[in-house]
Amino acid sequence: MSTESTVDAFGLAGAFRVDGRVAVVTGAGSGIGRASAEALAGAGAHVVCADVVASSAEATAEGITAAGGSAEVVGLDVADRHAVERTAAGTVERHGSLDIWCNIAGIMVEGPMVDTAEEDLDRILAVNLKGVYFGCQSAARAMVAQGRGSIVNASSAAADAPSPGISAYAACKAAVVQMTRSLAVEVGRAGVRANAVAPGFVLTGMTGRYFVRPDGTVDEAMRDAVVEPLRRHAPLRRIGEVEDIAAAVLYLASDASSFVTGQVIRPNGGVAMV
Ligand SMILES: NC(=O)c1ccc[n+]([C@@H]2O[C@H](COP(=O)([O-])OP(=O)(O)OC[C@H]3O[C@@H](n4cnc5c(N)ncnc54)[C@H](O)[C@@H]3O)[C@@H](O)[C@H]2O)c1
């Protein structure tokens with residue numbers, strides 16, 4: 001008897017494939033954005049790797065094409081509404097459709113709320129709130145016109161469980177949840193879905209600020225001091241890996257989640273249960 005099963009109930013194995021679809025990933029130059037771009041390309045999409053640091057998006061795209069996938073690069077500041085619109089319109093022009101748009105780009109501003117300067121507040125609102133809003137608008141316009149599409153936004157566990165020192169970041173990430181739900185109710189009838197992913201702590205450029213020295217070397221004692229309490233506190237007893245989040249992004253982007261919209265998926269090891 002063969003040990004290889006040929007059962008594919010409801011064609012679900014194929015439902016995670018996104019062959020021939022065109023995806024834009026913002027923040028594709030690093031961390032979760034890069035992993036999401038790689039996951040989508042691995043599942044068959046052509047990925048437009050967009051990042052304000054074009055050289056890092058280039059490295060992501062090169063990695064994808066070297067592995068046999070399909071990708072291109074766009075230098076994009078998501079805080080620039082016109083540039084976001086051009087990226088969406090240009091993608092449709094070049095490829096004939098825009099099927100998946102992932103708003104992953106984000107920044108951190110830290111410090112107690114009472115000390116946060118207005119320019120720092122404006123900076124984080126411009127990228128983490130308006131940047132996602134602009135991405136939703138531009139992607140939804142194209143997707144509603146074509147009658148299908150999936151938008152995935154990066155929120156955070158901070159939207160549910162605030163920590164001291166990241167009030168502006170947490171406010172943006174909570175706003176991302178509600179703009180995702182608002183968009184979902186507006187575009188659902190056109191066949192377009194919008195969902196959010198709210199990761200727990202993952203080691204990336206953003207979180208590495210706690211223990212990566214200016215010369216790029218890692219302060220291991222400091223890293224352990226940051227990671228160990230988080231690991232011990234998490235029901236799954238670990239912090240996240242970028243691929244944990246990319247798997248959720250792929251699920252939300254693909255037809256595997258075709259009945260899911262306006263939802264928040266929380267790959268966080270169980271640290272916040274809402
Ligand atoms: N790492 C975590 O623990 C964690 C947890 C929850 C949520 N998130 C969210 O996940 C997303 C990705 O974070 P990450 O940890 O991979 O961070 P990262 O710093 O490794 O990557 C962020 C990427 O976004 C790009 N970017 C920054 N500003 C931009 C702009 N204006 N326009 C376009 N690109 C821009 C950066 O150049 C970088 O490549 C963010 O939205 C972040 O808030 C991260």
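This is a predicted model: local features need pLDDT of at least 70, side-chain atom pairs count only at pLDDT 80 or more; totals for chains, interfaces and linings use all residues.

Colleague: How many residues surround the ligand, and which are the closest?
Modeller: 29 residues surround the ligand. The closest are Ser-30, Ile-32, Asp-51, Tyr-169 and Thr-204.

Colleague: What does Thr-204 do there, in terms of distance to the ligand?
Modeller: A polar side-chain atom of Thr-204 sits 2.5 Å from a ligand oxygen. Ile-104 also faces a ligand oxygen, with a backbone N or O atom at 2.9 Å.

Colleague: And which residue has a side-chain N or O atom 2.8 Å from a nitrogen atom of the ligand?
Modeller: That's Asp-77.

Colleague: How much of the ligand's area does the protein cover?
Modeller: On its own the ligand has 820 Å² of accessible area, and the protein covers 92% of that.

Colleague: Which elements give two or more residues to the shell?
Modeller: α2 (31–42) and α6 (167–187).

Colleague: What's the shell like by class?
Modeller: 15 residues are nonpolar, eleven are polar and three are charged.

Colleague: Switching to domains. What's the assignment?
Modeller: Domain 1 is 17–202 + 241–265, and domain 2 is 203–239. Each of them gives at least three residues to the ligand shell.

Colleague: What separation do the domain centres have?
Modeller: 24 Å, taken over C-alpha atoms. Their contact takes 13 residues from domain 1 and twelve from domain 2.

Colleague: What area is buried between them?
Modeller: About 940 Å², with carbon and sulfur atoms giving 62%.

Colleague: Which residues of domain 1 lose the most area to domain 2?
Modeller: Glu-110, Phe-201 and Val-202. Together they make up 58% of what the domain 1 side buries.

Definitions and conventions: Residues are numbered from 1 along each chain as its sequence is written. Side-chain values use heavy atoms; hydrogens and water are left out. A residue is near a molecule or strand if one of its heavy atoms lies within 4 Å of it. A polar contact is a pair of N or O atoms within 3.5 Å; within protein, one must be able to donate a hydrogen and the other to accept it, and residues adjacent in sequence count only if both atoms are side-chain atoms. Accessible areas come from the Shrake-Rupley method with a 1.4 Å probe; for residues, only the protein chains shown count as cover. Helices (H or I, at least four residues) and strands (E, at least two) are DSSP runs, numbered from the N terminus. Ala, Val, Leu, Ile, Met, Phe, Trp, Tyr, Cys and Pro count as nonpolar, Asp, Glu, Lys and Arg as charged, and the others, Gly among them, as polar. Domain bounds come from an automatic or database domain assignment. Contact means heavy atoms within 4.5 Å. Buried area is the accessible area (1.4 Å probe) that two parts lose on being put together, summed over both.
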